[in-house]
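The entries below follow the order in which I looked them up.

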Amino acid sequence: MLNPVDSPVPGRLTGVLFIDGAFRAGSGAALPVVNPATGQEVGTIPATQPDELNDAVAAARRAFKTWSRLNARKRADALHRLGDAIAADADAMARIMTAEQGKPVNEARGEILKLADACHFYAEEATRVHGEVVPNDQNGYQSLVLREPIGVVGAITPWNYPAELVGWKLCASLAAGCTIVIKPAELTPFTALAIAEKTLAAGIPAGVVNVVTGKGSQVGQALVEHPDVDKIAFTGSSAVGLHIQQSCTQVKRLSLELGGNCPMIVTQSADLALAVKGAARRGFRNAGQICIAVNRIYVARSLYEDFVRELGAAADKLTVADGLQTPDADLGAMASGEPLGKTQDHIADALAKGARLVAGGRAPEGEAYAAGFFFRPTVVADCTHDMKVMTEETFGPLIGVMPFDTLEEAIALANDTPYGLASYLYARDMVDIQTVSAGLDYGNVAINNVDAGIMNAPYGGRKQSGIGYEHGREGLLEYFNFKHVRLFHGVGA
């Protein structure tokens, strides 16, 4: 076990909850948080008890009365201060994230800075919440459509992006005038607690932001069922999202950002080098542990062998290391044994059914990797839809590749999934671009790039990939109720 002085996680964040503007020691059992690169404990979190969860929700309910009535400019100022405080401490917060999640420090720092950008974006959006005046069919009447904050938000967030996926919910909630209780993943709780600490520095009032910790099946479920929580915002697996939807004990607003299994199509007109670069980046960034990771690639047969060879070479060049010791590594450790085991299962399934191993397929060798969840970026070719890699979300550093002969075939293969979050297309011919982008049944389509989500455009999925939107103005509107006020004033009646 690391000595407290050796751990990037400050001692003041271990063993505590953040409720009503203050850190307090949790009374529940201590749950260890482990560095996935070393297997060493970096701190503990308490399993939130029912009375503690009730306190957090009650604090959010009290704070909502005043926060929701605070004028939008003051809420915006608070979010700007929060963004500034986070950016100023990005290095330390990045090291906390790496210690609990595994991604290299440089990548973690980039995520922290994106969180700061989200604060500033939603600060500006807070001041642009416009209502409408709707014409009536009778003189003497006026209809106003107003937007009012929903109330108390329960945010349940995953381990793969422990800053951004908290931030999207936190920033939109606060901008709208809602208050929030955050339940981060038990693998990566300290990033959320570090964000909570920055809300104190930003002067955000007590109770507006609260953080409780523990297992999702217990604490997260209690948040879903809590009668004083008005909305649940969840990012995670489709199975858990469906369970949340089915287990609400009362009608609640829901935002569910769920699984992926995202395809890439590379047509005959594509820039091969650009497509390979994009595939390697979006397939292996964060060790493939991202909802919009490229999981499966369909390549025009005329480019197929060249693409497979180049993608394999690109994968082999990527560096894998302890993200704290090597901040600029391409991949760090995977977050836990679960996604690593699923990756290995998908590789074994593909090879057993006739796939060709092009790159990776194993853990890196050496003592430095022995205690951690490390795995080389892996490419398997000659895949079919009988293989798990092409039909299930791997959530690991694995890409399956197969050839296609017609655009119609490629579109059908890409859409052959219950998911509909993000898809990718590389093509230079405008007919290819128009045909494929129109045919893809996905909430996000990136063409000749792999940045399917940007902060000022709506981000959400179709089918089993979720309901609701994050990012953009649309993400803010998810935290409002609409109210129609119809007034008879009599003028001209």
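Which residues in helix 4 meet which residues in helix 5? I worked on a predicted model. From helix 4, I listed E111, K114, L115, A118, C119, Y122 and A126; they meet E164, G167, W168, C171, A172 and A175 of helix 5. Sorted by class, I found 9 nonpolar, 1 polar and 3 charged residues in the contact of helix 4 with helix 5.

I next looked up the geometry of this pair. Helix 4 covers residues 105-126 and helix 5 covers residues 164-176. Their axes lie 9 Å apart, and the packing angle is about 15°. I noted the crossing of helix 4 past helix 5 as right-handed.

In what order do the strands of the open sheet stand? I read the order of its 3 strands as 5-6-22, and the pairing as antiparallel. Strand 5 (132-134) and strand 22 (480-488) each have a single partner strand, so I recorded both as edge strands, with one side of each left without a neighbour in the sheet. From one strand to the next, I noted a twist that averages 25°.

My last entry concerns strand 5 and strand 6. How many bridges join strand 5 to strand 6? I counted 3 bridges between these antiparallel strands, with strand 6 spanning residues 141-149. For V134, I found S143 in strand 6 as the bridge partner.

Terms used: Residues are numbered from 1 along each chain as its sequence is written. This is a predicted model: local features need pLDDT of at least 70, side-chain atom pairs count only at pLDDT 80 or more; totals for chains, interfaces and linings use all residues. Side-chain values use heavy atoms; hydrogens and water are left out. Axes are lines fitted to C-alpha atoms, for helices over the stretch in contact, and angles run from 0 to 180 degrees between N-to-C directions. Helices (H or I, at least four residues) and strands (E, at least two) are DSSP runs, numbered from the N terminus. A crossing is left-handed if the near helix is turned anticlockwise from the far one by less than a right angle, and right-handed if clockwise. Contact means heavy atoms within 4.5 Å. Ala, Val, Leu, Ile, Met, Phe, Trp, Tyr, Cys and Pro count as nonpolar, Asp, Glu, Lys and Arg as charged, and the others, Gly among them, as polar. Two strands pair if DSSP finds at least two bridges between them.
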